[in-house]
Amino acid sequence: MQKLSSSQPDFDARLKALLAFETAQDPAVDTAVAAICDDVKARGDAAVVEYTNRFDRMHVASMAELTLSRDELQAAWERLPEHVQGALSTAAERVRRYHEKQLAHSWSYEDEDGTLLGQQVTPLDRVGIYVPGGKAAYPSSVLMNAMPAKVAGVGEIIMVVPTPNGERNDLVLAAAFIAGVDKVFTCGGAQAVAALAYGTESVPQVDKITGPGNAYVAAAKRRVFGVVGIDMVAGPSEILVICDGETDPDWIAMDLFSQAEHDEIAQAILLCPSADYIAKVEASIEKLLPTMPRRAIIEASLGNRGALIEVRDLDEACDIANYIAPEHLELSLAKPEDYVAKIRHAGAIFMGRFTSESLGDYCAGPNHVLPTSRTARFASPLGVYDFQKRSSLIRVSHAGAQQLGKVASILAHGEGLTAHARAAELRLDK
Ligand SMILES: NC(=O)c1ccc[n+]([C@@H]2O[C@H](COP(=O)([O-])OP(=O)(O)OC[C@H]3O[C@@H](n4cnc5c(N)ncnc54)[C@H](O)[C@@H]3O)[C@@H](O)[C@H]2O)c1
Ligand SMILES: N[C@H](CO)Cc1c[nH]c[nH+]1
Ligand SMILES: [Zn+2]
């Protein structure tokens, strides 16, 4: 794992190199994804079945074998032990309650002359949610995608999830059941994204696709954007921890592991003003790594893209955090409230020593689908707003047409658009 110090003369260049990662910019991935998407568009179900057999090592003959009804989701729920049902329900309820606060409502106002202006908010008709499943199963991602869609009032939720080797995960299916998913297709990757975007004989075309995934999924979402809406192009998971040097170093090591274990190209970084403390975290990492079932992934991730960075002070740590714009930022500090206002760019901010990022991944309430790869500079967590859209409302009164008609006429003539001008002028009193 790299060790850096902000006082190194070439620190800025080193930090830039550490962060360098562009989702789905690999031309080989783009080429493969383009071919898969075009094939699914042309051949529909047959192509989805072929690619699923190839990439997920399955042996199905038709799309029917990749289709799950609500009854099958319910059966998965009923197979779960009671304490697991309880945990899933608690998480779902907390996620629902948080997202209800995000619900936007229609609004309007009237000018003095009776002209009405406003915005009508409507849910999307049908959305597709992508639940990753290549290297791990993610029931929590089912909740994080489906609950905001449900709260928004989306008419139909179609979920896709790969089941490598044909192994279905009851927790994932049960989460889909309690979240109110309407239909599940057990396929993933670019072929699933293309099926949702273009529609096939079995998969209904959706209006928007949300959810994280690997480079193939990201490239496919980027490719189909425009045919359908997408939430974001998500990259691998990231965590940035700012610590004052007083948190148990084992806790911080495990928090870094928690995102590193997602993927060999996930990113985990610690910023701390104390070199002694950094050495303690390093020792904790060495001690704890052999105890981790996903040790190989964690080791690769920390080796590839992890770093322990000594900073001058906590203010500088906040400046660096704003540059990194991480997906997850832990403020493992005595008084996180003193620093939170200094953070302008982060997908989610976890405040205080007891707030491990992992609680946010599962059950705190806020969404865990967050902007990655520095996109928190301009993007926000997945939310109810991603499943609602807005139409402007304009109802001009007779009196309003007199005033607005004159303004529009002048501007339309200025643009040389006579029909626009005449349409306004025809409504002026003679
Ligand atoms: N941001 C979040 O909220 C969040 C949540 C969970 C996971 N993640 C991230 O999502 C990613 C999940 O990736 P994953 O791989 O586990 O699952 P995935 O479902 O994204 O990808 C699996 C699919 O990739 C396709 N694929 C694999 N190799 C291919 C190849 N050579 N050619 C064409 N297609 C191929 C297959 O179709 C397979 O079904 C990880 O990076 C993880 O960190 C993010
Ligand atoms: N940390 C992931 C988002 O980057 C979400 C997740 C799901 N399960 C565990 N973690
Ligand atoms: Zn996670």
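User: Where is the place of Gln191 in this structure?

Analyst: Gln191 sits in helix α8. Keep in mind that this is a predicted model.

User: How do I tell whether Gln191 counts as buried or exposed?

Analyst: Count the C-beta atoms around the residue; 20 or more others within 10 Å make it buried. Gln191 has 28 C-beta neighbours inside 10 Å, so it counts as buried.

User: Which residues does Gln191 touch, not counting those up to four places away in sequence?

Analyst: Once those sequence neighbours are set aside, Gln191 touches Ile36, Val40, Ala47, Val48, Tyr51 and Thr52.

User: Which residues does UniProt list together with Gln191 under "binding site"?

Analyst: An unreviewed UniProt entry lists Tyr130, Gln191 and Asn214 for "binding site". They span 85 residues in sequence, but no two of their C-alpha atoms are more than 12.9 Å apart, so they gather at one spot.

User: Take Tyr130, then. Where is Tyr130 found, and is it buried or exposed?

Analyst: Tyr130 belongs to strand β5, residues 126-130. With 27 other C-beta atoms within 10 Å, Tyr130 is buried. Leaving aside neighbours within four places in sequence, its contacts are Val160, Ala192, Val193, Ile209, Gly211, Gly213 and Val217.

User: Val193 is among those contacts. What does Val193 itself touch?

Analyst: Residues up to four places away in sequence are again not counted. Val193 then touches Tyr130, Ile209, Val217, Ala220, Lys221 and Val224.

User: What is the general idea behind a nonpolar core?

Analyst: In soluble globular proteins, nonpolar side chains tend to be buried together. Here the largest nonpolar core has 118 residues, of which Met159, Ala176, Val193 and Leu270 touch the most other members. Helix α7, residues 170-179, gives the most to this core, with 9 residues. The core draws at least three residues from each of domain 1 (2-21 + 236-364) and domain 2 (27-230).

User: Which domains does the assignment give for the protein chain?

Analyst: The assignment gives domain 1 (2-21 + 236-364), domain 2 (27-230) and domain 3 (397-425). The C-alpha centres of domain 2 and domain 3 lie 46 Å apart.

User: How do I read the surroundings of a ligand? Start with ligand 1.

Analyst: List the residues around the ligand, then sort them by element, class and domain. Ligand 1 has 27 residues around it, and Gly134, Pro162, Gly188, Gly189 and Gly213 come nearest. The elements that give two or more residues to this shell are α8 (189-198) and α9 (215-224). By class, the shell around ligand 1 has 14 nonpolar, 10 polar and 3 charged residues. Domain 1 and domain 2 each give at least three residues to the shell.

User: Which residues surround ligand 2?

Analyst: Ligand 2 is surrounded by Tyr138, Ser140, Ser141, Ser237, Gln259, Glu327, Asp361 and His368. These residues divide into 1 nonpolar, 5 polar and 2 charged. Domain 1 and domain 2 each give at least three residues to the shell around ligand 2.

User: Which other residues does UniProt list for "binding site"?

Analyst: The unreviewed UniProt entry also lists Ser237, Gln259, His262, His328, Asp361, Glu415 and His420 for "binding site". These residues cover 184 residues of sequence and are also spread in space, with up to 55.8 Å between C-alpha atoms.

User: How do I describe the protein chain as a whole?

Analyst: The secondary structure comes to 17 helices and 15 strands. Along its principal axes the C-alpha trace spans about 85 × 60 × 45 Å. Of the 430 residues, 43% count as buried. Among contacts between residues at least 6 apart in sequence, 73% join residues at least 24 apart.

Technical notes. Residues numbered from 1 in each chain as written. Chains lettered and ligands numbered in written order. Predicted model: local features only at pLDDT ≥ 70, side-chain atom pairs only at ≥ 80, totals over all residues. Near = placed C-beta within 6 Å. Helix = DSSP H or I, 4+ residues; strand = E, 2+ residues; numbered from the N terminus. Nonpolar A, V, L, I, M, F, W, Y, C, P; charged D, E, K, R; others polar. Domains from an automatic or database assignment. Core = buried A, V, L, I, M, F, W, Y, C linked by C-beta atoms within 7 Å. Buried ≥ 20, exposed ≤ 12 C-beta atoms within 10 Å, placed from the backbone. Contact = placed C-beta atoms within 7 Å. UniProt positions renumbered as here; feature names shortened; annotations may be inferred.
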